[in-house]
Amino acid sequence: VQYIYDALQQLKDRLEAERLWPLVETIRAYSNLTRRHPEHIKSGWRAAANMCSLYDKIKERDAATAPEGGLSAQCLLNTIAKAYVLAAALPGGNLAQHVQNLCGLDDLEEETKAVKRMLDEVAATADPEKLREIMKNEDFAEWVRTRSHTSDVGRAIEDLRAWFTYVLARYKLNHALDEKKLEEVTEEFEKVAKMRKRLKHWGDCLIARSLALRACVLAARSWKELLERAGSFRELWEEAKKHLKPTARYLAAAALPLGEYLVYLAASGNKETAEEFLKKWQWLLAYDREVSVVTRLMLKLLGVGEGAKLEEVVDVFKPRLSRKRRPALLMLTGRLQRDEALEKCAKLREDEGVKVSSKVRKECVDSVAVAAGDQKAVERLKLEIEREVPEAHPLLEVADGKTLVEVLTPILPAAQLAFTLLAAVEGRVDAVRLHGLWGSARSKRPLARRLFRAVYENCDNLNSEGCKMDLLKLYYLHY
């Protein structure tokens, strides 16, 4: 990931506006990095500025050369570039805000509707003769060749349309706060699955069907209803097995319904079956290390398997952990001694032109002191958390240094969930609730925020149906 990002930094200034397809594909690469690997982007503002400067070149060219009305190569390339830019802005958060501001995206929902409308119209009504005429534009033809080895323009557009519909469905899922919205999201993912099936993209079809089922499960209002809905994961797993093929991409996709079905089996009381399945298929689960760790923790909480230890959680989620807290966490795993952890803090200096302040290095040193059991440092960190979340005071009174470091170190909700489940497996009720409260306060996504809040409110008893249901919903939201 870092290599690709560094290559983009070197490439961006060498691209000329005369050829649009390399600009479009470079924007696509930036968009994918900012969405999928934000933890590797040391300066969100710089990454957004670079992507948006390329997008500006495309807009300028489109305004200068596109014909009045009708479909054109320039218009399509501009729409494609905008789709990638919007995909980077939709997740929310600081980096997405930079994208929205620097790329001149006023109303995200209206801009998104316009792009989807254009792609739908092209897919549904475009005259094949007109598309062939557009393919005479060498720039657009080159873009099609990057997306389809047979230069099939219809297939390239349909592939893009399926991807963009998926991105919008993910956005809607993250903002769905009631059953009706979740049902609408379920339908959107089912549409994506049908599109992917027509394209014979079995791995992407599997992911879309998984998300459709997960959205349906998240709409459940009781433990019984949740289990009834989650029972459909068996059918999805059978479908995944039917198309099982030895490619890394498909096997990683198949790990999702496997984990979802395993967790359903354990939650519904079929623990012996879940144990047998886990032993037989653990090799497949391991194709996605995050899915493997979180699934095994969820299974352990439900009485199946051995779970995962702190060392493995830290190793797998390392890119999703705060750099200034990471040395303290590594010290808790036993991988670093205190002097080694402090040395790591001292090396948090200017990196790739992004300045690391003395304040950040001090926070790193303080976190190491907290992990080492320094009570003054522990109290300072408690006050820092309480200033941001006053409601945490009763939980902070009983929190130890380990809990504080584990709660503060994750920078993304998926990592927060992993540490929440680890605390639950270890029976640390107050730590689970503190994770829930902090995750709710820090999450930028409304649905994740609500579910983390539910964990805080309902997990004073880890064995209660309410607590298990909230943790299960958090699991299904992320995996």
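A: In this predicted model, M298 touches V263, L421, L471, L472 and Y475, leaving aside residues up to four places away in sequence. M298 belongs to the largest nonpolar core, which has 117 residues. Along with L173, V313, F317, L471 and Y476, M298 is among the residues that touch the most other members of that core. Helix α14 supplies the largest share of this core, 13 residues.

Helix α14 covers residues 248-267 and packs against helix α27, residues 465-478. Their axes are 11 Å apart, at an angle of about 170 degrees. Angles over 145 degrees count as roughly antiparallel, so α14 and α27 are roughly antiparallel to each other. The crossing of α14 past α27 is left-handed. On the α14 side the contact is made by G259, E260, V263, Y264 and A267, and on the α27 side by L472, Y475 and Y476. Sorted by class, this contact has 6 nonpolar, 1 polar and 1 charged residues. V263, L472 and Y475 of this contact are also among the residues that M298 touches.

Another helix pair is α4 (residues 73-89) and α8 (residues 138-147), whose axes come within 9 Å and cross at roughly 45 degrees. α4 is therefore oblique to α8. A73, L76, L77, I80 and Y84 of α4 meet D139, F140, W143 and R147 of α8. This contact has 7 nonpolar and 2 charged residues, with no polar ones.

Definitions and conventions
Residues are numbered from 1 along each chain as its sequence is written. This is a predicted model: local features need pLDDT of at least 70, side-chain atom pairs count only at pLDDT 80 or more; totals for chains, interfaces and linings use all residues. Side-chain values use heavy atoms; hydrogens and water are left out. Axes are lines fitted to C-alpha atoms, for helices over the stretch in contact, and angles run from 0 to 180 degrees between N-to-C directions. Helices (H or I, at least four residues) and strands (E, at least two) are DSSP runs, numbered from the N terminus. Angles under 35 degrees count as roughly parallel, over 145 as roughly antiparallel, 65 to 115 as roughly perpendicular and the rest as oblique. A crossing is left-handed if the near helix is turned anticlockwise from the far one by less than a right angle, and right-handed if clockwise. Contact means heavy atoms within 4.5 Å. Ala, Val, Leu, Ile, Met, Phe, Trp, Tyr, Cys and Pro count as nonpolar, Asp, Glu, Lys and Arg as charged, and the others, Gly among them, as polar. A nonpolar core is a set of buried Ala, Val, Leu, Ile, Met, Phe, Trp, Tyr and Cys residues joined through side-chain atoms within 4.5 Å. Buried means under 20% relative accessible area, exposed over 50%, partly exposed in between (1.4 Å probe, protein chains only).
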